[in-house]
Amino acid sequence: MTRPTPGILALAGLFVVAGALHFVAPKPFDRIVPPWVPLSPRAATLLSGAAEVLGGLGLLHPTTRPAARWGLLALLAAVFPANVYMAQHPERFGVSPGVAWGRLPLQPLLMWAVWRAGRRSVAVDLEIN
């Protein structure tokens, strides 16, 4: 089995910690759920937190990396409207407009990192079972 690279470990850690925060301190996450989302803010927070934890853990093993990749990419696309909502109303969340809008371009970079990290290694793809 190939070990996760330091980059994959860091990315997995980011998602696991961020996801855990959804359970430990959910109120900030609840607040940025746009009003048009068809779930309660708490349900959306807990679902997205669970998806982050599972996706982060999924990046740690080569056989689950591809599924984790697709799951995390879907999650990042799904939560992007919350980040836009925060940018449109930064005063509601106690952040400066520069910080709120500045976060938005980070989302595609994070998606790119997930895309790259979610690949199986060539050695795993060539294993004969």
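Residues are numbered from 1 along each chain as its sequence is written. Because the model is predicted, local features need pLDDT of at least 70 and side-chain atom pairs count only at pLDDT 80 or more, while totals for chains, interfaces and linings use all residues; side-chain values use heavy atoms, with hydrogens and water left out.

**Overall layout**

Helices here are DSSP runs (H or I, at least four residues; strands would be E, at least two), numbered from the N terminus. Along the principal axes, the C-alpha atoms fill a box of roughly 55 × 30 × 20 Å.

**Helix pairs**

Axes are lines fitted to C-alpha atoms, for helices over the stretch in contact, and angles run from 0 to 180 degrees between N-to-C directions.

| Pair | Axes come within | Crossing angle |
|---|---|---|
| H1 and H3 | 7 Å | roughly 155 degrees |
| H3 and H4 | 8 Å | roughly 150 degrees |
| H4 and H7 | 9 Å | roughly 170 degrees |

Angles under 35 degrees count as roughly parallel, over 145 as roughly antiparallel, 65 to 115 as roughly perpendicular and the rest as oblique. H1 and H3 are therefore roughly antiparallel, and H1 passes H3 in a left-handed crossing. (Left-handed means the near helix is turned anticlockwise from the far one by less than a right angle; clockwise would be right-handed.) On the H1 side the contact (heavy atoms within 4.5 Å) includes Phe15, His22 and Phe23, and on the H3 side Thr45, Glu52 and Leu57 are among the partners. By class, this contact has ten nonpolar, six polar and one charged residues. For these classes, Ala, Val, Leu, Ile, Met, Phe, Trp, Tyr, Cys and Pro are nonpolar, Asp, Glu, Lys and Arg are charged, and the others, Gly among them, are polar.

Next along, H3 (residues 41-58) meets H4 (residues 65-88). This pair is also roughly antiparallel, with H3 passing H4 in a left-handed crossing. Ser48, Ala51, Glu52, Gly55, Gly56 and Gly58 of H3 touch Arg65, Ala68, Leu72, Leu75 and Val79 of H4. That makes five nonpolar, four polar and two charged residues.

H4 and H7 are roughly antiparallel too. Their contact includes Trp70, Phe80 and Asn83 from H4, with Gln107, Met111 and Trp115 among those from H7. Here the count is twelve nonpolar, two polar and two charged residues.

**The largest pocket**

What is the volume of the largest pocket? About 940 Å³. A pocket is an open set of points on a 1 Å grid over the protein atoms alone, where a 1.4 Å probe fits, with protein on both sides within 12 Å along at least five of seven lines; lining residues have an atom within 4 Å of a point. Grid points are joined across faces, edges and corners, and the volume is the space filled by probe spheres set on them.

The lining has 32 residues, with His22, Ile32, Glu52, Val79 and Asn83 lying nearest the centre. Helices H1 (6-24), H2 (27-31), H3, H4 and H7 (106-117) each supply at least two lining residues, and H4 gives the largest share, eight residues. By class, the lining has 25 nonpolar, five polar and two charged residues.
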